[in-house]
Amino acid sequence: MIVTTSYEPDQEMILRAINIARQVGGQFIERGKFSLLELNKSYNTRETIVIEKELTKYYSTETENPFFFHPSMATLRINRLKQGDNDIMVDISKLKLGDTFLDCTLGFASDSIVASFVVGSTGKVVGIESQPIISAIVQDGLNQGWPKDKDIDQAMKRIEVLTKHYLPTLKIFPSKSFDVVYFDPMFRKGQRKSSSMNPLRKLANAEPIQVEAIEEAKRVAKRMVILKEHIYSREFERLGFTPIHRSSSITYGIINVNGDEQK
């Protein structure tokens, strides 16, 4: 894999490219006047990451479209919250200012961005992503922020990203160290395919969640563990979650660890 920039990069873009190359174990190549096709042929690679001014894109000969980070749904959800509307994840998790939130399956980071907005600067959001390419590109996107909205911009930049597998990472966290521990293994389900998700599905970790990970999550959580899945998924039963019934095809399961009943 090679990592390069768009044409005529500034110094910041070059530094981002060098950093991402280190994160993914790729080789940084100066773009010069070469096309991506020419670079791929010269370095005999089928995978290329390109750092642009505002975006970082992953290209592969195995996918039609590149993978890149965009806060998309998170911005819509936060704008609705600002207008006094509710958010199902926030309601179920009972998130509030100052809370701590551990996202074990970061992916596009949409839920983590919303959580970061809600918990604010006095809270903490940590996202775990096992796949280095996803982690590097999403982290770069979060660092770039969202200049169009100060609140979203700050929420994105506050998120701490760990490039690790969630099981060994959960094991090193102290007991009761996060209010909410969250799982969204959305890429295992064909029903959730979309043109925007397809490039990510090729990169994502598709393994099922281990029962051991849920046991560790219950130890780490102060309030609850949450699983987001398809409404007919058997994962809720297998992993010991109580589903929250909704009309949507996507729903949540919860495990309360402090004895409170979900309203």
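Keep in mind throughout that the model is predicted.

Begin with the aromatic pairs, of which the structure holds 4. Select Phe 101 and Tyr 182, whose rings form a tilted pair with 5.5 Å from centre to centre and 35° between the planes. Because Phe 101 belongs to strand β6 (residues 100–103) and Tyr 182 to strand β9 (residues 178–183), this pair ties together parts that are 81 residues apart in sequence. Phe 101 is buried, its relative accessible area being 0%, and Tyr 182 also counts as buried, at 0% relative accessibility.

Next, select Phe 173 and Phe 178, where the ring centres are 5.1 Å apart and the planes stand at 80°, so that this pair is edge-to-face; both of these residues are buried.

Now turn to the places where a charge meets a ring. Select Tyr 7 together with Arg 31, and you will find Arg 31 over the face of the Tyr 7 ring, at 4.1 Å from the ring centre. Then select Phe 68 and Lys 57, where the charged end of Lys 57 sits over the ring of Phe 68, 5.8 Å from its centre.

Finish at the second largest pocket, which holds about 340 Å³ of space. To find it, select Glu 54, Gln 144, Gly 145, Trp 146 and Pro 147, which lie nearest its centre among the 16 residues of the lining. Showing helix α6 (residues 132–144) will bring up the largest share of that lining, 4 residues. Coloured by class, the lining of this pocket divides into 6 nonpolar, 5 polar and 5 charged residues.

Note on methods
Residues numbered from 1 in each chain as written. Predicted model: local features only at pLDDT ≥ 70, side-chain atom pairs only at ≥ 80, totals over all residues. Heavy atoms only, no water. Phe/Tyr/Trp six-rings, centres within 6.5 Å; stacked < 30°, edge-to-face > 60°. Helix = DSSP H or I, 4+ residues; strand = E, 2+ residues; numbered from the N terminus. Buried < 20%, exposed > 50% of the residue type's maximum accessible area, 1.4 Å probe, protein only. Lys NZ or Arg CZ within 6 Å of the ring centre and 35° of its normal. 1 Å grid on protein atoms, 1.4 Å probe; cavity = no way out; pocket = protein on both sides within 12 Å on 5 of 7 lines; lining within 4 Å. Points joined across faces, edges and corners; volume = space filled by probe spheres on them. Nonpolar A, V, L, I, M, F, W, Y, C, P; charged D, E, K, R; others polar.
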